[in-house]
Amino acid sequence: MNTFLQLVVNGLGKGAVFALLALGFVIIFKATEVVNFAHGSLVLFGGYLVVVTKDALGWVGASLVGIVSAGLLGLLVERLLLSRSRHADANSLALLTIGVDVIITEEIVRRLGVTLPFLGDAWDAKPFRLGGITLFRTHLVALGVAAVLITAFWLAFKYSNWGVAMRAQAENREAAALMGIRSSRVTATAWVVAGLLAGVAVLFIATQDFSGAGLSRGTHSIALAAFPAAILGGLDSTAGAVVGGLVVGIAEALSAQYVSFDFSKSAVFLVMLVVLVIRPSGLFGTRERTRV
């Protein structure tokens, strides 16, 4: 029983990180109806900036630089590429993000070389026992940080002018434009927010507790595991992104223990497929068909 509880708690910690990443997918999709396959490269970029500035700025300063830089990269991608192709089909824009992802990822992997730096200096590899259960600080901190950020996002999405504008644009883009809502501003902000969330997530992904490996190409692969979380919850649902992330984290933790570590990487996709067979729009999605 203790093992099961330990897996659930640590799975929730992992799921919280997946929820932050899945939320990034959903925010961009709601604003643009484009699936951002460059999300993994935003994660890597933020992590790389932490690595190269940590000696000069310390861990806290470097982390802030990495988070902000990931947000600015998201804005740069949107302004220089996607905004200039706004009349293109959503599928074409999704393919464009794949090209962006390949270019950024390969360059960062080249610069990293054989080094695999860990990023979670403040909490990594510091487990403790509580009531017979071994807990990892990385997972608990991730759970707390995600709770704060998701709550802040929900409040902004619900009550701020930006949140109202995004919900209006997601409901009916043409009607929102007629009401004076600037689509370009809403879209740009969505990319910035998604990038900031990616910059936070990498501080937990590139740790011994979370992945057992430092910043590398594997970090990119882990980040993309948030995509089935977004699909599972519903690609147009922010609440679904959070629930989907938690489900993916718990499914991965349980399957790694009770089946095999290799199977755990496929288990999240199996859960996603089962949900989609039962409910094609995802657990909380409202669209019957999603363009990818």
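**Salt bridges in a predicted model**

Arg110 is exposed, with 55% relative accessible area, where exposed means over 50%, buried under 20% and partly exposed in between (1.4 Å probe, protein chains only). This is a predicted model, in which local features need pLDDT of at least 70 and side-chain atom pairs count only at pLDDT 80 or more, while totals for chains, interfaces and linings use all residues. Side-chain values use heavy atoms, with hydrogens and water left out, and residues are numbered from 1 along each chain as its sequence is written. The structure holds 6 salt bridges, each defined as a side-chain nitrogen of Lys or Arg within 4 Å of a carboxyl oxygen of Asp or Glu.

**Within helix H3**
- Arg110 pairs with Glu107 in a salt bridge whose closest N and O atoms are 2.6 Å apart, and Glu107 is partly exposed at 30% relative accessibility.
- Both residues belong to helix H3 (residues 90–112), where they sit 3 residues apart, about one turn of the helix; helices (H or I, at least four residues) are DSSP runs numbered from the N terminus.

**Between helices H10 and H1**
- A salt bridge joins Glu252 to Lys14, with 3.5 Å between the closest N and O atoms.
- This pair links distant parts of the chain, since Glu252 lies in helix H10 (residues 238–258) and Lys14 in helix H1 (residues 2–32), 238 residues apart.
- Glu252 is buried at 8% relative accessible area, and Lys14 is buried at 17%.
- Lys14, Glu252 and Lys265 are linked in a network of salt bridges.

**Arg79 and Glu78**
- The side chains of Arg79 and Glu78 form a salt bridge at 2.5 Å, N to O.
- Arg79 is partly exposed at 31% relative accessibility, whereas Glu78 is buried at 4% relative accessible area.

Conventions:
Helix = DSSP H or I, 4+ residues; strand = E, 2+ residues; numbered from the N terminus.
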